[in-house]
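Here's a walk through one model, helix by helix and ring by ring. Have the structure open and follow along.

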Amino acid sequence: MGGDAILIAGAGIGGLTAALALQRKGVRVRVFEQAPALGEVGAGLQISANGTRVLHALGLERALEEIAWMPAGKEVRLWYTGETWPLFDLGLVSVERYGFPYVMVHRADFHAVLAAAVRERDPDAISLGARCIGVAQDEAGVTLTLAGGETVRGKALIGADGVHSAIRAALFGPDKPKFTGCMAWRGLIPAERLPRHLLRPAGTNWVGPGGHIVHYFVRGGALLNFVGVRERADWTVESWTAAGTVEECLADFKGWHDDIQTMIRNIDTPYKWALMGRDPMPRWCVGRVGLLGDACHPMLPFLAQGAVMAIEDGYVLAACLEAHRDVPAALRAFEDIRRERTTRTVLGSAANTRLFHSPMLAGREAAQRFVAENWHPDRIAERYEWLFSHDATRIPPPAPARVH
Ligand SMILES: Cc1cc2nc3c(=O)[nH]c(=O)nc-3n(C[C@H](O)[C@H](O)[C@H](O)COP(=O)(O)OP(=O)(O)OC[C@H]3O[C@@H](n4cnc5c(N)ncnc54)[C@H](O)[C@@H]3O)c2cc1C
């Protein structure tokens, strides 16, 4: 097989978005996914307007509409009284303000939409059971090595292989994550098991001392996605598939509002994920090999932007590869365009831990003051406006070549 294709390691959200964006420009891509079958874990994903803007530009508006749940807004609730404050309006307000909706989707539904779009353009674009283990490069291209020894030649390699990226390790050496002292419980609850008052069309962020909970509906309102974050030092496995028990999850949220107890009791299998912190990387492209998404800027899920940043990355990467004839120059331009924004998102996500878990939230009066101050519309705008209003589809033109 000739070496004219762009190779992508990982058929996750970032890898498939990049593949589709490149295909739409007439570029041949080959995506190598370690899993033997395509699929995603049972969990929800929030995609804010800056992400749906990119997905619409990639022709996915209709497909997204079919799988999305669009909340009217988001609200903050206090962990033990259930008092409620508005966070921000969504629904038509998001469309009016940013031109694009804020949607909640089931990861598996969204992943299937991306994979179908890529396969529609090229049924052989995605190779499964193909674990990438190493890469070498020369002036003309890259050679990707798969587990089993097969090698594949291409014009460039994009490591979209997630938080435990093998391509990142090949470029920059072993990962050095720091445990944040937080773990996340994840679960899905069939809507018919919930009392009426919990069926309101709002995304909710409960805040409390040492923990917070986010919940919203997916699959058109049929399932409630629950994510409960707790500060605890005894769970350090970063995995989508490690299961815990309802009893353990209930113990972590003892004393929290009855609505929370009801939700947890109705989760069949709660999964646990240790939240690791990683410093932003100053560089993530070397010659013809680059990274995107969680492979280069993994972040805590406290701004709900990890997948959205991977989506933005995929679009910008394709635009840079189109704008520059020289692959290394294209990858440098991609990194330059994305560095500041993704770094700010990594740091902003980590900073939200202090806000969501503040000890000030323990007592009622102090909590009311704390929420009124920190969830004041001006503070909310400072934290989110720059994220949601961003247009990743407007790519700055390439800088003119320097004259020596
Ligand atoms: C609890 C929780 C809630 C979250 N909620 C949100 C949210 O609401 N909104 C949001 O935007 N983000 C959210 N995120 C973040 C989001 O899940 C990630 O940022 C996103 O999945 C990153 O996409 P990616 O394509 O870079 O990596 P991944 O989705 O991890 O995909 C990587 C792919 O590469 C494959 N792979 C790995 N190694 C290899 C290899 N060596 N060879 C071949 N293939 C390989 C994997 O199997 C996988 O398919 C959340 C995260 C967590 C933990």
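## Around helix α2

Just past α2, G59 adopts a positive phi of about 80 degrees. The helix itself, residues 49-57, is mostly covered, with 8 of its 9 residues buried. Those buried residues are A49, N50, G51, T52, R53, V54, L55 and H56. Buried here means under 20% relative accessible area, exposed means over 50%, and partly exposed is in between (1.4 Å probe, protein chains only). Helices (H or I, at least four residues) and strands (E, at least two) are DSSP runs, numbered from the N terminus.

A word on the source: this is a predicted model, where local features need pLDDT of at least 70 and side-chain atom pairs count only at pLDDT 80 or more, while totals for chains, interfaces and linings use all residues. Residues are numbered from 1 along each chain as its sequence is written, and side-chain values use heavy atoms, leaving out hydrogens and water.

## Positive phi away from glycine

Two residues other than glycine also have positive phi. R219 is one of them, at about 50 degrees; R219 sits in the loop between β14 (211-218) and β15 (223-231) and, at 38% relative accessibility, is partly exposed. A304 has a phi near 55 degrees, again positive in a residue that is not glycine, and is found in the loop between β18 (289-291) and α9.

## The enclosed helix α1

How many of the residues of helix α1 (residues 13-23) are buried? The count is 11 of the 11, so α1 is largely enclosed by the rest of the structure. The cover over its buried residues includes the strands β1 (6-9), β2 (29-32), β3 (44-47) and β7 (126-127), plus the helices α5 (107-121) and α9 (306-323). Cover is judged by contact, meaning heavy atoms within 4.5 Å.

## How α10 packs

Two packed helices are described by the angle between their axes and the distance between the axes. Axes here are lines fitted to C-alpha atoms, for helices over the stretch in contact, and angles run from 0 to 180 degrees between N-to-C directions. The axes of α9 and α10 come within 9 Å and cross at roughly 155 degrees, and these two helices are therefore roughly antiparallel. For the labels, angles under 35 degrees are roughly parallel, over 145 roughly antiparallel, 65 to 115 roughly perpendicular and the rest oblique. The α9/α10 crossing is right-handed. On the α9 side the contact is made by M309, E312, D313, V316, L317, C320 and L321, and on the α10 side the residues include V327, F334, R341 and T345.

Helix α10 (residues 327-356) also packs with α12: their axes come within 12 Å and cross at roughly 150 degrees, so this pair is roughly antiparallel too. This crossing is left-handed. A crossing is left-handed if the near helix is turned anticlockwise from the far one by less than a right angle, and right-handed if clockwise. In α10, R341, R344, T345, N352, L355 and F356 meet E382, R383, Y384, W386 and L387 of α12.

## Aromatic pairs

Rings of Phe, Tyr and Trp (its six-membered ring) pair if their centres lie within 6.5 Å; planes under 30 degrees apart are stacked, over 60 edge-to-face, and the rest tilted. The count comes to 10 aromatic pairs by this rule. Y102 and F388 make an edge-to-face pair, 5.7 Å centre to centre with 80 degrees between the planes. Y102 is in the loop between α4 (92-98) and β6 (103-106) and F388 is in helix α12 (residues 377-388), so the pair ties together parts that are 286 residues apart in sequence.

Y384 and F388 are 4 residues apart in α12, about one helical turn, and Y384 is buried at 8% relative accessibility.

## Clusters and charges over rings

W79, Y80, F253 and W256 form one aromatic cluster. The charged end of R230 sits over the ring of F253, 5.7 Å from its centre. Likewise, R383 lies over the face of W375, 5.4 Å from the ring centre. The rule for both is NZ of Lys or CZ of Arg within 6 Å of the ring centre and within 35 degrees of the ring normal.

## L90 and its contacts

L90 is in the loop between β5 (84-89) and α4 and is buried, at 4% relative accessible area. Leaving aside neighbours within four places in sequence, L90 is in contact with P71, A72, G73, K74 and Y102.
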